[in-house]
Amino acid sequence: RNMSNIRTHGLLTKNDRQTNKVKAHPKGSVFGDGIYTANNGSVFSNFGDTGLIVGRLKGKMVRAARCLPPIQAVDANTIIGDKLIGPAKFGKQVGSDGWPSDDSYHEIVLRSSAQCLPMIQFDTALRKDEDGKECIRYLKKSLRSILNRLFNNGLQRSDFRNAPLIAATPLNTAGALNPSQGLHPNRTLHSTTAAGGAAAAVLTHFPGVSAMHQGSVPVPPHISVWRRPQHTAPTPIVVGNSSRKGQTLNYTAPLNLTTGIPADALSLPPASCNMKEKCVICHDRLKDRLCVALNACKHVFHRDCVQDAFKSKPQCPICRVSIGSPQGKSPSGTMTVSLSSVRCSGFVEDSIIITYHISSGHQLAYHDNPGKRHCGKYATAYLPNTPYGQNLLKRLKFAWLHGLSFTVGTSITTGATDQCTWASIHHKTSPTGGARAHGYPDPSYFENCNGELDGLGVPSARELHADGSAKQPKNINF
């Protein structure tokens, strides 16, 4: 019953479902809010008739016996939970601390949706015969090999048995460890099986796995490969008396785009212009045809040449000064800005979280396939809450309000057509991982991104209000 929501939104925690107004049918959360996964999905097959193979990033782990006490504050990305039913019922062996050595009954709770990537859906009926079980084992092994090659090269996988232990009641032997005694980071990404009806949470993002494609692993019958769902934004913290949800900017795409040069942007060439010179666009002499000058920079071109040039980009072909207010081809949607305690690598300040949401719809006259449906987009970006980040945020707001952030076309990652994709403004979609993972640290990011915004004609931060609106008209006349 949850599959349609998972396909659209990814795996969400209870908190995220409430924030995004997503209805679901939860199966309980003994070990707190999060995505419930298992190493042995057969044990939890009673949760539904659909199974998922997911990629998992555990990060810091703690173990929780029987349940996670409601008042227990846990500094960890992942809870390794065990109700301790299996050992008592089936005579499983336990370690010196009373913890089961067999991980079949462990519930691995990922506390962030960004820690989980759904990859393959299968019918749990496959588990009823050996061929089906072997098929699932083969897929998990193949996916694990791909993830290890792409992300875990040179990293050592941490053993969950070394993680601190939290016990709701004393175990049979050694007492529980206190999480403050130290957490063991585990940054390796691997494949596993999610229990049916799983939920999710939000903490930190891992490098994108979009490079994986359906041809990476042979797919047996009755197996469908998933495209990667969009990351969910970390839960914003409350800042002062401000709203938890932050500021939302709505953008409504125009039905048609106005092309050409604004009438007040042209004038006759100045008397000082040497008409024997060549037009930089067609390389014919200026005097051969009717010429005009751009008021913003006084550069002179053939009128028909510069009009054709403006159909692709409204800026001077020589100095690239923008003429008129820029307008992009993004579909309608919302941009929500909030603060989070998640920190971008290399910064001590909190982070600014930007969440874009564009619903699926029909392409407009200026898109590749007018009238045909395009896919939606849900994306999250990060900025450090510093003066540089705040100034860049103003410009990103202006870009969003003018349709410059996204477009409709072919995905570079998957090759799929009629997708809502990023336009030409680079965003940091992870707070960590460095430039190669579209995250921080990246010393050149602010310079590069501001350069991209300059090229699109976005005003400087000092020319903009906090909401991204321009303090004065962008048209400049001398």
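1. E107 counts as buried, at 8% relative accessibility. Here buried means under 20% relative accessible area, exposed means over 50%, and partly exposed lies in between (1.4 Å probe, protein chains only). Its salt-bridge partner is K83; the two side chains meet at 2.2 Å, N to O. K83 is partly exposed, with a relative accessible area of 30%. A salt bridge here is a side-chain nitrogen of Lys or Arg within 4 Å of a carboxyl oxygen of Asp or Glu.

2. A word on the basis. This is a predicted model, in which local features need pLDDT of at least 70 and side-chain atom pairs count only at pLDDT 80 or more, while totals for chains, interfaces and linings use all residues. Residues are numbered from 1 along each chain as its sequence is written, and side-chain values use heavy atoms, with hydrogens and water left out.

3. Helices (H or I, at least four residues) and strands (E, at least two) are DSSP runs, numbered from the N terminus.

4. The whole structure holds 9 salt bridges. One of them joins the side chains of R395 and D454, at 2.6 Å, N to O. R395 lies in helix α6 and D454 in helix α7, so this pair ties together parts that are 59 residues apart in sequence. R395 counts as buried, at 5% relative accessibility. D454 is partly exposed, at 45%. Elsewhere, salt bridges that share partners join E130, K133, E134 and R137 into one network.

5. Next, K372 and D418. Their side chains meet in a salt bridge of 3.0 Å, N to O. K372 sits in the loop between β16 (361-362) and β17 (373-374), and D418 in the loop between β19 (406-409) and β20 (419-422), 46 residues apart. Buried or partly exposed? K372 is partly exposed, with a relative accessible area of 45%. D418 is buried, at 8%.

6. Now the nonpolar cores. A nonpolar core is a set of buried Ala, Val, Leu, Ile, Met, Phe, Trp, Tyr and Cys residues joined through side-chain atoms within 4.5 Å. The largest has 34 residues, of which M335, I354, L383 and L396 touch the most other members. Elements that each supply at least two residues include β14 (333-340), β15 (351-358), β18 (377-384) and α6 (387-401). Helix α6 gives the most, with 6 residues. Apart from this core lies another, of 17 residues, among them I261, C273, A293 and V300.

7. Look closely at L383. Leaving aside neighbours within four places in sequence, L383 is in contact (heavy atoms within 4.5 Å) with residues including I354, L392, L396, Y440 and F446.

8. Finally, strand β12 (residues 291-294). C291 and A293 point one way, V292 and L294 the other, and all are buried. In a regular strand the side chains alternate between the two faces of the sheet. Two strands pair if DSSP finds at least two bridges between them. Strand β11 (residues 266-267) runs antiparallel to β12, joined by 2 bridges, and S267 stands opposite A293. Strand β13 (residues 300-302) is also antiparallel to β12, joined by 3 bridges. F301 is the bridge partner of V292. β12 and β13 form a hairpin with 5 residues between them, and K298 in the turn has a positive phi of about 70 degrees.
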